[in-house]
Amino acid sequence: MKVLMISVNAEEIYMSTWPLGLACVTESVRAASHTAKFLDLMQVDDIIAATQMTLEDFKPDVIGISIRNIDSQKMTGQTFFPESAHDIVVGCRSITRAPIIIGGAGYSIYPESLLKYLQADMGIQGEGEISFVETVDRIEKGASVEGVPGLYISGLGLTGPRRFEKNLDNLPLPDVSWFSGSVPKDKDFWMPVQTRRGCPMNCSYCSTGSIEGNLLRKRSPQKVVEWLRQWRETGVKQFYFVDNTFNLPPVYAGDLCREMIASDLNASWRCIIYPTRTNENLIILMAESGCKEVSIGFESGSTFILNAMNKKFTNDDVRYTCDTLAKHGIRRMGFLLLGGPGETRETVMESLRFADSLGLDTLKLTVGIRIYPQTILAKTAVKDGIIAPDDDLLQPRFYMVPGLQEWLINIVNEWIALRPNWIS
Ligand code: B12
Ligand code: SF4
């Protein structure tokens, strides 16, 4: 089968990304002996024209579309990205009858409502490597696709329960020689790399369960570092570990760093950590293996709010982590998430003072918390009358304590005005 794989994300907010997830699925399609074409719309000027030209040229039998972003997660001045994805689906339909299958992180949060909004044929929630290939194989044989794990069919809903690969080494990494031409060449580019999937921490507002599930699954450090080494040979020098919590479990993180040191990668990398009391030995290994910056979502400086968010760390843990990272020369970008359940003027001031005392290199403040389906926050928001029980939440909704918004925006702007390294 000829399979066209399209990543519709063309947004450069925060930083330009490369569609690693789509590349993983494409690699599985190739491994199953289908002919694949990979189209990253981040790298074209006119997304509709580029899609239509590729369709006319390649004439696919099946089209896979990856949707990463739904919105910018900003309560004010937000953008709704699926509109351009809808244009791509319509553009494809005007040229071909090939089945259109949607997937990706953003899609996985709204498998039913987004499929309806986009008017595509099918969608796969969660990791696509196995289910997408199974769907294409069945289409080739003329068999029914109903029952493929995680597959939604327009009008039928979910047809088979989701399945998660327990050992990620069983899923191929994108072949560097095949994909190297598709990677941006600019010097600010950070190549995404994923070592683990799934997060068991269950923070009140988080959508990761819908995307990756709650069970932590890993690739072996050796396989990951061999892949990084191949990218280094093509000239890529900077990597971004897109794992939800790079430092968990700490033994795995330590092994990964040791493997990078042993293979003499000589690369720079960034990651996201969960600020439990990170041990100093791990931070030393991170620094020695090339870690330059860490994102720390500590979200609040109030113990009461941390408990409400179901966070399992304390302010002391956050301070220890930040200080130890600074001691070993790693830049720290912190995140505050203000306005959620239980927030008051006092807890906001506690958070601002705490964040200020950490001496971070950068702090990003977000006002209002995006409500995702199937989360503790969504249940609270229904109970507090912020959203209706039947709201599918595809159109962005935010939790904001009634009566706090105006004061909160003003105080945040006041603090940002005096601190050049704080952003919103
Ligand atoms: C790491 C990360 C970042 C990093 C990216 C660094 C980099 N160099 O890539 C940074 C911090 C820069 C970032 C920024 C942003 N991010 Co972000 N990010 C993530 C995170 C944690 C992982 C993404 C990732 O790379 N996964 C690894 C790959 C392998 O997985 P995947 O893409 O999901 O692909 C798998 C499946 O989805 C599926 N699949 C993928 N494509 C396809 C296609 C088909 C056809 C099929 C069948 C299956 C399929 O199979 C793949 C393999 O198993 C996710 C949350 C999450 N856990 O997914 C949020 C997430 C994607 N980000 C999100 C957002 C909002 C943003 C920002 C807009 C935030 C902002 N305002 O700055 C920006 C946008 C950046 C941009 N230019 O697009 C949201 C998107 C949902 C939404 N509300 O829109 C997410 C889901 C987090 C959340 N809040 O829920 N992000
Ligand atoms: S640690 Fe991060 S990925 Fe895990 S549940 Fe909390 S916010 Fe989500």
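This is a predicted model: local features need pLDDT of at least 70, side-chain atom pairs count only at pLDDT 80 or more; totals for chains, interfaces and linings use all residues.

Q: How many nonpolar, polar and charged residues make up the shell around ligand 2?
A: The shell has five nonpolar residues, four polar residues and no charged ones. Residues are numbered from 1 along each chain as its sequence is written, while chains are lettered from A and ligands numbered from 1 in the order in which they are written.

Q: What makes a residue part of the shell around ligand 2, and which residues are they?
A: A residue is near a molecule if its C-beta atom, placed from the backbone, lies within 6 Å of it. The residues around ligand 2 are Cys-199, Met-201, Asn-202, Cys-203, Cys-206, Thr-208, Asn-244, Thr-245 and Tyr-274.

Q: Which residues come nearest to ligand 1?
A: Of the 43 residues around ligand 1, the nearest are Gly-21, Gly-64, Gly-103, Glu-127 and Gly-128. By class, this shell has 18 nonpolar, 18 polar and seven charged residues.

Q: Which element gives the most to the shell around ligand 1?
A: Helix H1 does, with five residues. Elements that give two or more residues include helix H1 (20-31), strand E3 (62-66) and helix H8 (208-212). Helices (H or I, at least four residues) and strands (E, at least two) are DSSP runs, numbered from the N terminus.

Q: Which domains supply the shell around ligand 1?
A: Domain 1 (2-158) and domain 2 (190-423) each give at least three residues. The bounds come from an automatic or database domain assignment.

Q: How far apart are the C-alpha centres of domain 1 and domain 2?
A: They lie 27 Å apart. The contact takes 18 residues from domain 1 and 23 residues from domain 2. Contact here puts C-beta atoms, placed from the backbone, within 7 Å. Helix H4 (105-109) and helix H5 (111-118) each supply at least two residues of the domain 1 side. That side divides into 10 nonpolar, six polar and two charged residues.

Q: Why are E8 and E18 at the edges of their sheet?
A: Two strands pair if DSSP finds at least two bridges between them. The open sheet has seven strands in the order E8-E11-E12-E13-E14-E15-E18, with parallel pairing. Strand E8 (191-193) and strand E18 (422-423) each have a single partner strand, so one side of each is left without a neighbour in the sheet.

Q: How do you know that E8 and E11 pair?
A: Three bridges join E8 to strand E11 (residues 238-241), and the definition asks for at least two. They therefore qualify as paired, in the parallel sense. Pro-192 stands opposite Tyr-240 in E11.

Q: What joins E14 to E15?
A: Six bridges join strand E14 (residues 331-338) to strand E15 (residues 362-367), and the two run parallel. Leu-338 stands opposite Val-367 in E15. Helix H14 (residues 345-357) lies across both strands, at about 175 degrees to E14. Such angles run from 0 to 180 degrees between N-to-C directions, with axes fitted to C-alpha atoms, for helices over the stretch in contact.

Q: Why is the unit of E11, H10 and E12 called right-handed?
A: The term applies if, with the strands pointing away from the viewer, the path from the first strand over the helix to the second runs clockwise. E11, helix H10 (residues 250-262) and E12 make such a right-handed β-α-β unit. E12, helix H11 (residues 280-288) and E13 make a right-handed one too.

Q: What marks the peptide bond between Leu-248 and Pro-249?
A: The bond is cis, with omega about -10 degrees. Pro-249 is found in the loop between E11 and H10.

Q: In what order do the strands of the mixed sheet run?
A: The order is E2-E1-E3-E4-E5-E6-E7, in an open sheet of seven strands. Strand E2 (35-40) and strand E7 (157-158) are its edge strands, and each pairs on one side only. Helix H3 (residues 82-93) packs on this sheet, touching E1, E3 and E4.

Terms used:
Ala, Val, Leu, Ile, Met, Phe, Trp, Tyr, Cys and Pro count as nonpolar, Asp, Glu, Lys and Arg as charged, and the others, Gly among them, as polar. Two residues are in contact if their C-beta atoms, placed from the backbone, lie within 7 Å.
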